[in-house]
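Please keep the sequence and the structure at hand while reading.

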Amino acid sequence: MTAVAEVQPHPRVREFLSGTKKLLIDGEWVDAGSGRTFATYDPATGGKLADVAHGEAADIDAAVRAARAAFEGPWSRLKSNQRERLIWRIGDLLSERAEVFGQLESLDNGKSATIAQVVDTEWAADVFRYYAGWATKIEGSTVNVSMPFAPNTDFHAYTLREPVGVCGQIVPWNFPLLMTAWKIAPALAAGNTVVLKPAEQTPLTALLLGELFEEAGFPPGVVNIVTGYGDAGAALTAHSDVDKVAFTGSTEVGKLVVDAAKGNLKKVSLELGGKSPNIVFADADLDLAVTGSVNAWLFNHGQCCVAGTRMFVEESIFEQFTQAVADAAAQVKIGPGLDPATQLGPLISQEQFDRVTGYIEAGLRDGARALTGGRRHGGTGFFVEPTVFVDVRPSLSIVREEIFGPVVAAIPFSSEDDLVAAANDSEYGLAAGIWTRDLSKAHRVAKRLKAGSVWVNQYNGFDTALPFGGYKQSGWGRELGAAAIDLYTQTKAVNIAL
């Protein structure tokens with residue numbers, strides 16, 4: 001039976017959920033132009049949390065105009081150290097209110113409130129502080145030019161790194177607050193302005209974050225937030241006065257973003273899907289590998305783009321190891337996010353529940369065997385049991401396609417060459433995990449894997465200073481670290497004849 005929540009929402013959370021949530025445009029909280037609203041729901045119960053303004057193309061246009069005015073006006077006139085202090089203040093405010101943000105994220109997304117507070121919110125705060133520091137450290141360089149066709153003239157040449165301009169940013173529902181921080185913080189540090197379109201399933205923490213930008217003293221129009229559905233996102237990506245669009249979501253939608261952006265050839269960065277290999281060699285610390293491998297595909301209920309959902313296990317330990325993973329997964333506490341004991345929360349929506357259970361049913365029909373799970377959990381909410389499949393074939397949908405739920409397919413291997421070929425046999429290339437005591441082997445295999453992140457003897461080994469992004473159809477560009485600054489700046493060359 002699903003656990004009963006033992007913690008009531010913080011009074012500030014209850015206060016925030018009262019009344020219709022509005023759009024943030026040009027420093028004002030406004031209704032959608034159409035007057036329409038939509039509801040956002042608690043996936044643990046299916047109950048309505050709040051009504052939210054239903055932004056559309058006209059609202060996107062108003063937000064873009066506000067962002068352009070701020071970019072050309074007050075934001076561009078601020079010194080870099082002034083931007084630094086403002087961005088740092090957002091990090092401090094997030095830390096001060098981590099419990100409120102964590103609970104709100106839990107209610108809207110379903111994830112554990114403890115995880116949402118300690119990981120999502122505190123990491124988001126760290127991201128803002130990290131990029132606050134970058135605001136004063138974006139530099140050009142001097143260049144010694146030869147100009148062979150002007151041998152008798154001296155030159156002074158240098159480069160400038162300048163902001164791109166107005167940035168449209170679209171974030172997903174699996175890490176709503178964290179992905180917002182990943183995008184907004186480097187954009188602001190580089191001197192850009194932003195129009196953010198949160199996922200319609202999880203708009204609440206982005207709107208609460210909008211209040212922090214007001215409190216911190218950002219000029220109106222620097223950060224604009226338009227909630228709505230895919231049509232609002234499409235209007236943002238196609239808008240002729242948007243200079244850059246950053247999108248995190250499915251590969252299918254990412255291709256639509258690219259197509260929409262071609263009108264004015266705006267810059268595009270994409271963080272898309274994955275079907276990541278998690279590789280366990282027989283010489284690994286198996287206790288550590290079991291715990292880490294469960295986390296690789298159950299973290300965030302499996303709704304994680306980097307989830308290690310193809311678990312490659314060396315043949316000599318395959319049966320022992322997969323059973324240990326199944327046993328550990330079967331012990332995971334399932335329940336609503338506000339229950340402190342919860343380890344696995346609900347999927348985000350009925351649509352996602354149907355998608356995940358559809359894949360499980362297809363796997364069973366195709367002859368795969370579930371060592372554990374394979375069913376719905378409880379009678380209310382969108383809960384699915386952790387499911388470990390064995391007896392799979394490379395052609396099965398549960399092996400090839402991104403499920404985005406608590407489902408893993410275990411695959412035996414016997415040789416390193418065959419392993420690498422199978423691990424790279426995917427349209428995706430976002431992440432990978434390797435478990436082994438042999439560091440020479442770890443380095444060798446890591447180099448051969450086509451993945452943007454490779455974690456050794458750990459999984460989900462993120463850090464704000466490390467670049468993150470994918471190979472192949474997992475995306476374009478890199479977020480986090482210094483690489484994210486490249487996404488939000490452009491280089492100008494200046495050459496002066498002396």
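The model is a predicted one, and a search of the whole structure finds 25 salt bridges.

- Arg68 and Glu72 form a salt bridge in which the closest N and O atoms are 3.5 Å apart, and both residues belong to helix H2 (residues 57-72), where a spacing of four residues places them about one turn of the helix apart.

**A pair between two strands**

- Lys492 forms a salt bridge with Glu162, with 3.2 Å between the closest N and O atoms.
- This pair links distant parts of the chain, since Lys492 lies in strand E22 (residues 489-497) and Glu162 in strand E6 (residues 155-163), 330 residues apart.
- Lys492 is partly exposed, having a relative accessible area of 39%, and Glu162 is likewise partly exposed, with a value of 24%.

**A pair within one loop**

- The side chains of Glu385 and Arg375 meet in a salt bridge, at 3.3 Å from N to O.
- Glu385 and Arg375 are ten residues apart, and each is located in the loop between strand E14 (369-372) and strand E15 (387-390).
- Glu385 counts as buried at 16% relative accessibility, while Arg375 is exposed, with a relative accessible area of 51%.

**Positive phi values**

- As a general rule, most residues other than glycine have a negative phi.
- Asn300 has a phi near 60°, which is a positive value in a residue other than glycine; Asn300 lies in the loop between helix H11 (286-298) and strand E13 (310-314), and with a relative accessible area of 6% Asn300 is buried.
- Phe404 has a phi near 65°, again a positive value in a residue other than glycine; Phe404 is found in the loop between helix H14 (397-400) and strand E16 (407-413), and Phe404 is buried, with a relative accessible area of 17%.

Terms used
Residues are numbered from 1 along each chain as its sequence is written. This is a predicted model: local features need pLDDT of at least 70, side-chain atom pairs count only at pLDDT 80 or more; totals for chains, interfaces and linings use all residues. Side-chain values use heavy atoms; hydrogens and water are left out. A salt bridge is a side-chain nitrogen of Lys or Arg within 4 Å of a carboxyl oxygen of Asp or Glu. Buried means under 20% relative accessible area, exposed over 50%, partly exposed in between (1.4 Å probe, protein chains only).
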